[in-house]
Amino acid sequence: MQQSDLKPGLGDTNHKSSFTTSGSGMDRVVEKPKWPPQKIGLIVGAVLFVAMVAYGLWTQQGGRKLRVEQDKLTISTIAQDDFQEFIAVTGVVEPLRTVFLDAAEGGRVQEIFVEEGAMLEAGDPIVKLTNNDLQLDLLNREAQFYETMNFLREARLSMEQNTLNLRQQIVEINYQITRLQRQHARNEELFSKELISDNDYHEVADELEYQKQRRTLTLASHKQDSLMRLVQVSSLESSVERLQRNLDVVRANLENLVVRAPIAGQLTSFDVEVGEAIGVSRRIGQIDKLDGFRVNVPIDEHYLTRINTGQMGSFTLASSDYALQIRKVYPEVQNGRFEVDMEFTDESPAGIRRGQTLRIRLELGDLTEALLVPKGGFFQQTGGNWIFVVENGEATRRDIQLGRQNPQFYEVLSGLQQGERVVTSSYDTFGNVDRLVLQE
């Protein structure tokens, strides 16, 4: 077969480079690749080189930038000023003294004498309860008391009767002894003269000796009996005293069924109904002494170790400032909070009411001078580790260190100087830029 020559035209832009090969009697056209590896490598290398040069020039000029409108930013000035660390807390006004009304005895409400909010004097009746079991107990104890009193009277009467009988016996014995002593004396004279018989003499002598022994035994018996009866009477007297005390307690419990005001004040938190069953120690209300007020303040447990009695706080009411002082700290933590009681250092504000809430600045430290930056949204993104500093129409990122804080300011420890201006609004939309170009 005859081969045909393929010759490319010199000016043909659509011509594809090729060459011929022969084999087994046939020619084949082989096309050259459009993008050889050497060419691709040269192009990629050139692009990377240009990018590196551009990045170097860009970073030398301040890194990644973002254009922002200045009027949408909050720009604050760093100032050297007085600083006091404090926290904002909310307190509730409560009476300076409150007495709780608890039912000393259980019972059913029979009568209600006053309504909630009433002003009471000490001893005024508030509510009356009835308790049948308590009344029955009183009757039983009274019966025991009177029965024991009867036993005591009988014992005393018996002891007096025995004493009278003894006296009568002793009188009779003494009479016999006196009579026999005179007769024995005469018999001795007659017996010495042998005027009476031996039998008559000894009969009188024996009778005299018998009466003397009888008197001794009678006195001893009476003494023993008297001791036993004294013990019995003493025991009965103790029983009577004990029953009397128990009876007094039961009677007092019956009197407690009428709940009375322990102090003068206003009755609050009082909610009972006629016929309602009231259990022992149930709280039925309270009386507020309205001669002064205190403020109960719950505080986050984070500050527990920094709160002590004597610390000061303040609040503003009706355009006037008032000072408070911590008088008592309750260290028990409930639901992440503990409580303190604060009292007014001067007179309480006019018109203040129980249950009113106050917004209080509670001081955590003494007043000192410090470099301050106002609080703002920047802290949420930076954690206080850096901030944008404004200078010559731009804001540049700078590392800083912050210290103490209060609801208005952060204390600047390093990285900023007095008079410098910084962006304190939120950085949410800035991304990871290093500079902000401020536009009017």
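This report walks through strand pairing, salt bridges and surface patches in one predicted model.

Since the model is predicted, local features need pLDDT of at least 70 and side-chain atom pairs count only at pLDDT 80 or more, while totals for chains, interfaces and linings use all residues. Residues are numbered from 1 along each chain as its sequence is written, and side-chain values use heavy atoms, with hydrogens and water left out.

**Strands**

A word on naming: helices (H or I, at least four residues) and strands (E, at least two) are DSSP runs, numbered from the N terminus. Two strands pair if DSSP finds at least two bridges between them.

Let's start with β13 (residues 283-300). Strand β6 (residues 86-102) pairs with β13 in the antiparallel sense over 10 bridges. In that pairing, Val92 has Asn296 as its bridge partner in β13, and Thr98 stands opposite Asp288 in β13. β13 also pairs antiparallel with strand β16 (residues 337-344), this time over 7 bridges, with Asp300 standing opposite Arg337 in β16. Then there is strand β11 (residues 265-268), joined to β13 by 3 bridges and running antiparallel to it; here Thr268 stands opposite Gln286.

What does β6 pair with over 7 bridges? That would be strand β17 (residues 357-363), again in the antiparallel sense. Thr90 stands opposite Arg359 in β17.

Ala261 sits in the loop between β10 and β11. Is Ala261 buried or exposed? At 3% relative accessibility, Ala261 counts as buried (buried means under 20% relative accessible area, exposed over 50%, partly exposed in between, with a 1.4 Å probe and protein chains only).

β10 also belongs to an open sheet of 4 strands, with the order β10-β9-β7-β12 and antiparallel pairing. The edge strands are β10 (258-260) and β12 (277-278), each pairing on one side only. β10 and strand β9 (residues 125-130) pair in the antiparallel sense over 3 bridges, and Lys128 has Val258 in β10 as its bridge partner.

**Salt bridges**

Side chains of opposite charge can pair when their charged atoms come close. The cut-off used here is a side-chain nitrogen of Lys or Arg within 4 Å of a carboxyl oxygen of Asp or Glu. By this rule the count comes to 16 salt bridges. Here are some of them, with the N to O separation.

| Pair | N to O |
|---|---|
| Arg64 and Asp434 | 3.4 Å |
| Arg282 and Glu276 | 2.7 Å |
| Arg398 and Glu420 | 3.0 Å |

The Arg64 and Asp434 pair links distant parts of the chain, 370 residues apart. Arg64 is in the loop between α1 (37-60) and β3 (65-69), and Asp434 is in the loop between β23 (421-423) and β24 (435-439). Arg64 is partly exposed, with a relative accessible area of 39%, and Asp434 counts as partly exposed too, at 24%.

For the Arg282 and Glu276 pair, Arg282 is partly exposed at 28% relative accessible area, and Glu276 is partly exposed at 23%.

Why does the Arg398 and Glu420 pair tie together separate parts of the sequence? Arg398 lies in strand β20 (residues 394-399) and Glu420 in the loop between β22 (409-414) and β23, so the parts being tied are 22 residues apart in sequence. Arg398 counts as partly exposed, at 27% relative accessibility. Elsewhere, salt bridges that share partners join Glu94, Arg294 and Asp341 into one network.

**Surface patches**

Patches are made of residues with over 30% relative accessible area and no salt bridge; like charges are joined within 9 Å, and nonpolar side chains (Val, Leu, Ile, Met, Phe, Trp, Tyr) within 5 Å. Accessible areas come from the Shrake-Rupley method with a 1.4 Å probe, and for residues only the protein chains shown count as cover.

The nonpolar patch is formed by Ile40, Val44 and Leu48, with about 260 Å² of accessible area together. Ile40 has its place in helix α1 and counts as partly exposed at 41% relative accessibility.

Which residues gather in a patch of negative charge on the surface? They are Asp198, Asp200, Glu203, Asp206, Glu207 and Glu209. Lys and Arg count as positive and Asp and Glu as negative, with His and the chain ends not counted; the place of a charge is taken as NZ of Lys, CZ of Arg, CG of Asp or CD of Glu. Glu209 is found in helix α3 (residues 198-256) and is partly exposed, with a relative accessible area of 42%.
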